[in-house]
Amino acid sequence: MRTYPEAIEYLNRFINYERSHPAQYSPETLSLARVERLLDRLGQPQRSLPAAIHIAAAKGKGPTAAMIDSALRAAGYRSGLYTSPHLHTFRERIQVNRQLITRDEFTVLVNDIEPHVDAIAGLTWFEIITTLAFLHFAQAKIDVAVLEVGLGGRFDATNVVTPTVSAITSLSLDHTKLLGDTLAQIAFEKAGIIKPGVPVVSAPQVPAALEVVERVAHGREAPLILVGRDVTYEPVASSPTGQDFRIRLRSPLLMTAASSSREEVGTRPFCIPLLGAHQIVNATVAVAALEVANGRGLHVSVGAIRAGLAQVQWPGRLEMLSREPLVVIDGAHNGDSARKLAQALTDVFGERRWSLILGISADKDIPAIVDALAPLAEQVIVTRAHNTRAADVEVLAQAVAAQGAEPIVAASVEEAVEIGLAYHCPIIATGSLFTAADARAAWAARSGTPLTERDE
């Protein structure tokens, strides 16, 4: 029997495309065949899930999943949440009623499935941990699973489920070496989660991406609910502690789902503690998905949705670690998310000059991220997160210098935080979720409350 660290070490022997991306994203490299064989050997645990909500995106799928999960729990459901990547401990990825899978539970599962894993050649790390999530959810007898796609959608291991409702949040150019260098190609991969006859909710998309989503949904006779057309939102107020907004349901499908016992269909007020206008869009996707689910076997009251959104937690995304000094972290990892972060920082905190801590993964569009964020910076501190995918600081320094700024080099995110504090400017640490996680851990240690839930 392995210990927890030994179980993690065992899994790390398998190909992990979060650390080193495949040379090719295709049926020859990635497919559902291997994970389906593994699940078949284990009795198809995913089929025991009474309901599931499946979410794909370039960005925004994590907070959307967290909002849906929070509302389901507020409605009294036993909810399983599967997300990636994690901030501090692998166990964040697999939760039941917001409780992380325990070390013992995880270790027992790894020991149990090892003979089955060894019998199937070529299994990837993500395929195995997705199977572990399905097994844990089945054993925990959850009522509904909220599943976040890992990479792409069409070939993603989570795509073995037939969900109650699917959702696609914001699409942008991301993982272009794998998914394609156009929005149409990326949308095709993400739209791979759309199942025949299963309703799908989509965030607003640029025309090239929307055309693909609409075409795939039509071809699979899957009703499409589009935010901005079938359900609309209106920001009301925002502050560093949260945002108030209103949502109006317009789709006949949503109006049918809202029974006479629910609030009269119309404009409904909500609030979320998450910051940034993009989170209101994510919340609208979550509300629409829950409304659709209400017509397909789940029963989540408006009050539960409202309570769930108000209580949602999703650290590492425009998270304020401290007010004085002002320290903010965010996982923005591509040009589009960096531009949204720049706007959000101005919207939430006003016109300020920041100590910008940048640590970016090597496979990302580094110039686009720098271009979006450098104009806000009083000084730019480039660094490297504790992750194998992190770009060398020399590469980041060159990108910053190309913007006409003189970069400051820090050997670690922890050192970058100390350098940033010396300038007496507000700090924003970003460029990847790995950088945000390292800054979060560094600030916790500096504040005398080191993280207890952390894999070393």
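This is a predicted model: local features need pLDDT of at least 70, side-chain atom pairs count only at pLDDT 80 or more; totals for chains, interfaces and linings use all residues.

Biologist: Which residues of helix α11 are buried, and why do they line one face of the helix?

Modeller: Seen down the axis of α11, the buried residues fall within an arc of 160 degrees, so they line one face. An α-helix has 3.6 residues a turn, so residues three or four places apart point the same way. The partners of the buried residues of α11 are α3, β10, β11 and α10. In helix α11, spanning residues 302–311, the buried residues are V302, A304, I305, G308 and L309.

Biologist: Which element gives the most to the largest nonpolar core?

Modeller: This core has 44 residues, and I68, L72, V201 and L309 have the most contacts inside it. Elements supplying at least two residues each include α3, β10, β11, α10 and α11. With 11 residues, the element that gives the most is α10.

Biologist: How many residues has the other core, which lies apart from it?

Modeller: L32, V35, F126 and I129 are among the residues of that core. Its count of residues is 40.

Biologist: Which strands stand at the edges of the open sheet of six strands?

Modeller: The strand order is β12-β13-β17-β14-β15-β16, with mixed pairing. Two strands each have a single partner, so one side of each is left without a neighbour in the sheet. These are β12 (319–322) and β16 (408–409).

Biologist: Which residue in β13 does S322 stand opposite?

Modeller: β12 and β13 pair in the antiparallel sense over three bridges. Opposite S322 stands V327.

How values were computed
Residues are numbered from 1 along each chain as its sequence is written. Side-chain values use heavy atoms; hydrogens and water are left out. Buried means under 20% relative accessible area, exposed over 50%, partly exposed in between (1.4 Å probe, protein chains only). Helices (H or I, at least four residues) and strands (E, at least two) are DSSP runs, numbered from the N terminus. The arc is that of the directions from the helix axis to the C-beta atoms. Contact means heavy atoms within 4.5 Å. Two strands pair if DSSP finds at least two bridges between them. A nonpolar core is a set of buried Ala, Val, Leu, Ile, Met, Phe, Trp, Tyr and Cys residues joined through side-chain atoms within 4.5 Å.
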